[in-house]
Amino acid sequence: MNFTAMDFETANARPDSALSLALVVVRDSQIVDSFYTLIKPQSKLDWRNTKIHGIHTADVADAPTFAEVWPHIDHFFAPDKLVAAHNAGFDSRVLRETLASYGITPPRYLLIDTVRTSRRFYPEMPNHKLNTVAAGLGFDLRQHHNALADSIACAQILLQEEYAFGDDALKKFVKMV
């Protein structure tokens, strides 16, 4: 299986406030690369978000804008590329809205949501939050709400589901966005 797991953290409740991004690249069912960056947001950080992810204004003062990051990662988002995210609606909306805020046309790509897959394959779990699913499958997620740690956990979940249930079972969850 080939895909890229993504995770965003945001500066505030606005979907166009990307603050950090991680991508984890999976080729032939193996994690082969990763990318992490802080992002200088166009809006102020909200203390509620900082409390969750621990990123402060000073941390992103010299960070690139998302418009500066995008040319380095846009090739991961194409109609023939699969992107995975845990609660994919959130992350795909952050991507779409952040790009739109810079006047960049959002891409079309294939998306799979590991919240949806985990609900289907592991209905016995008490909930399907990333840390719960990761722990239930035996993955160590010590830095929950760190975009890189969360992307790795998402990739591990999807790889475990591929191993346990097969590609055909997962294809039903893939959609074009």
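Modeller: One term to begin with: buried means under 20% relative accessible area. By that cut-off F77 counts as buried, because its relative accessibility is 6%. Keep in mind that this is a predicted model.

Colleague: OK. And Y109, buried or exposed?

Modeller: Y109 is buried, with a relative accessible area of 3%.

Colleague: How many aromatic pairs does the structure hold?

Modeller: It holds 7 aromatic pairs. F77 and Y109 form an edge-to-face pair, because their planes are at 80°. Their ring centres are 5.2 Å apart.

Colleague: Where do F77 and Y109 lie?

Modeller: In two loops. F77 is in the loop between helix 3 (66-73) and strand 4. Y109 is in the loop between helix 4 (88-101) and strand 5. So the pair ties together parts that are 32 residues apart in sequence.

Colleague: Which residues do ring pairs link into a cluster?

Modeller: F8, F66, W70, F77 and Y109.

Colleague: What about the rings of F121 and F165?

Modeller: That pair is stacked, because the planes are at 10°. The centres are 4.2 Å apart. F121 lies in helix 5 and F165 in helix 7, so the pair ties together parts that are 44 residues apart in sequence. F121 is buried at 10% relative accessible area, whereas F165 counts as partly exposed at 35%.

Colleague: Let's switch to helix 5. Which of its residues are buried?

Modeller: In helix 5 (residues 114-121), the buried ones are T114, V115, T117, S118 and F121. Seen down the helix axis, they fall within an arc of 165°, so they line one face of helix 5.

Colleague: What happens at the start of helix 5?

Modeller: A side-chain oxygen of D113 comes to within 2.8 Å of the backbone nitrogen of V115.

Colleague: Last one. Where is Y163?

Modeller: Y163 is in helix 7. It counts as exposed, at 73% relative accessibility. Y163 and R120 are 43 residues apart along the chain, and their C-alpha atoms are separated by 15 Å.

Definitions and conventions
Residues are numbered from 1 along each chain as its sequence is written. This is a predicted model: local features need pLDDT of at least 70, side-chain atom pairs count only at pLDDT 80 or more; totals for chains, interfaces and linings use all residues. Side-chain values use heavy atoms; hydrogens and water are left out. Buried means under 20% relative accessible area, exposed over 50%, partly exposed in between (1.4 Å probe, protein chains only). Helices (H or I, at least four residues) and strands (E, at least two) are DSSP runs, numbered from the N terminus. The arc is that of the directions from the helix axis to the C-beta atoms. A polar contact is a pair of N or O atoms within 3.5 Å; within protein, one must be able to donate a hydrogen and the other to accept it, and residues adjacent in sequence count only if both atoms are side-chain atoms. Rings of Phe, Tyr and Trp (its six-membered ring) pair if their centres lie within 6.5 Å; planes under 30 degrees apart count as stacked, over 60 as edge-to-face and the rest as tilted.
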